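Here is a short report on helix packing and charged pairs. Look over the structure first, then read on.

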Amino acid sequence: MSPCRFKPLLIPLSVLAIAATAQAAEWNMATPYGDASFHTQNVKQFAEDVAEATDGELRINVHSGGSLVAHGEIKPSVRRGTIEGGEIFLSILSNEDPIFEIDTLPGVAGSYEEAMALWETTRPMIGELFAAEGLMPLYAVAWPAQGLYTRTEIADPEQFEGLRVRAPNINTQRFVQNLGGSPTETEESDIPTAFSTGRVDAMITSSATGNAMTAWDYLSFYTDANLWLPKNIVFINQRAFDRLGEATQEALLEAAGRAEERGWQMSRDNNETSLAALQDNGVSVVAPNEAVAEALQAAGDRLFTDWQERASEEALELLEVYRAELEE
């Protein structure tokens with residue numbers, strides 16, 4: 001009997017290609033903002049940049065409009081590793097530490113240049129707080145300055161009394177209360193329904209949100225009060241990052257840097273186009289009169305005093321550093 005001869009196992013190249021692709025990382029990233037938001041457009045471009053720079057070794061699936069995870073659950077979900085990344089309105093974390101709401105204090109940063117300087121000053125502390133929970137911030141982008149949307153023009157501070165105002169975070173809720181209004185928490189995607197059902201009468205938000213939500217369908221006035229420039233922050237699970245190869249990590253961070261730079265310019269551009277869109281669609285864009293401006297200032301001063309009483313020594317020191325740098 002002739003000896004048994006074994007033939008070598010030949011694996012087709014197509015199978016090898018499939019095996020290699022199967023080892024590529026695929027992430028899910030949740031954002032509460034709809035596809036019309038420039039923030040969502042920016043994070044989607046970030047995901048495309050990552051896929052291209054890594055030759056598909058890392059693919060990030062962006063789930064917009066709260067379709068995967070609700071806004072308030074995004075950070076816990078990333079922390080647990082249920083999803084790898086997320087985008088949130090930074091100041092919704094104000095109950096965790098007052099540093100997260102520093103960009104919603106009237107008078108602290110009233111321009112894009114100041115808002116960026118504030119971010120650069122506070123970035124290390126915010127990064128440390130995220131890192132303590134196994135999270136890694138990638139980038140942050142400011143919204144245009146916040147103003148007040150109403151059905152009728154606010155010409156007298158007494159009109160704030162009892163006004164039901166959509167306020168997306170605790171600090172804005174306190175601000176509305178300082179004005180005598182009644183704050184209501186409503187996600188961006190639910191804004192049209194909230195107005196149509198009478199749950200809210202007004203909202204404090206940016207020109208960008210008003211444009212994205214076609215505010216002219218239910219509101220007629222936008223008081224461009226330049227209250228503050230809050231930020232969104234995009235972050236990931238640290239363990240998920242650590243599992244990536246070094247080259248992929250570098251590509252991800254480089255794409256994040258470009259996303260931050262691009263996002264701030266998108267915010268500037270979007271403010272201009274959104275203000276024009278509001279006016280083109282019949283919304284009157286007005287500046288607050290002297291009496292209303294004084295009421296807004298007084299409410300902001302109370303907000304700042306309250307923040308100082310709650311903030312840590314480190315946060316207070318960072319604010320002083322920021323202000324000193326502005327004066328140089």
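Contact here means heavy atoms within 4.5 Å. The model is predicted.

**Helix H3.** Helix H3 spans residues 71–80, and its buried residues are His-71, Ile-74, Lys-75, Pro-76, Ser-77 and Val-78. Strands cover them: E1 (25–30), E3 (85–89), E4 (135–142) and E10 (231–237) are included in that cover. Just after H3 comes Gly-81, with a positive phi of about 90°.

**Helices H5 and H10.** The axes of H5 (residues 170–179) and H10 (residues 290–310) come within 9 Å and cross at roughly 130°. That angle makes H5 oblique to H10. The crossing is right-handed. H5 contributes Asn-171, Arg-174, Phe-175, Asn-178 and Leu-179 to the contact; residues from H10 include Leu-296, Leu-303 and Arg-310. By type, the residues of this contact are six nonpolar, three polar and four charged.

**Salt bridges.** The whole structure holds 16 salt bridges. Three of them are tabulated here.

| Pair | Closest N to O |
|---|---|
| Arg-310 and Glu-101 | 2.6 Å |
| Arg-151 and Asp-201 | 3.8 Å |

Arg-310 lies in H10 and Glu-101 in the loop between E3 and helix H4 (112–131), so this pair ties together parts 209 residues apart in sequence. Arg-310 is partly exposed at 29% relative accessibility, whereas Glu-101 is buried at 0%.

Arg-123 of H4 and Glu-260 of helix H9 (residues 246–280) are 137 residues apart. Arg-123 is partly exposed at 27%; Glu-260 is buried at 10%.

Arg-151 is partly exposed at 36%, and Asp-201 is buried at 17%. Finally, salt bridges that share partners join Lys-75, Arg-79, Glu-96 and Glu-133 into one network.

Notes:
Residues numbered from 1 in each chain as written. Predicted model: local features only at pLDDT ≥ 70, side-chain atom pairs only at ≥ 80, totals over all residues. Heavy atoms only, no water. Buried < 20%, exposed > 50% of the residue type's maximum accessible area, 1.4 Å probe, protein only. Helix = DSSP H or I, 4+ residues; strand = E, 2+ residues; numbered from the N terminus. Axes fitted to C-alpha atoms, helices over the stretch in contact; angles between N-to-C directions. Parallel < 35°, antiparallel > 145°, perpendicular 65-115°, else oblique. Left-handed = near helix turned anticlockwise from the far one by under 90°. Nonpolar A, V, L, I, M, F, W, Y, C, P; charged D, E, K, R; others polar. Salt bridge = Lys/Arg side-chain N within 4 Å of Asp/Glu carboxyl O.
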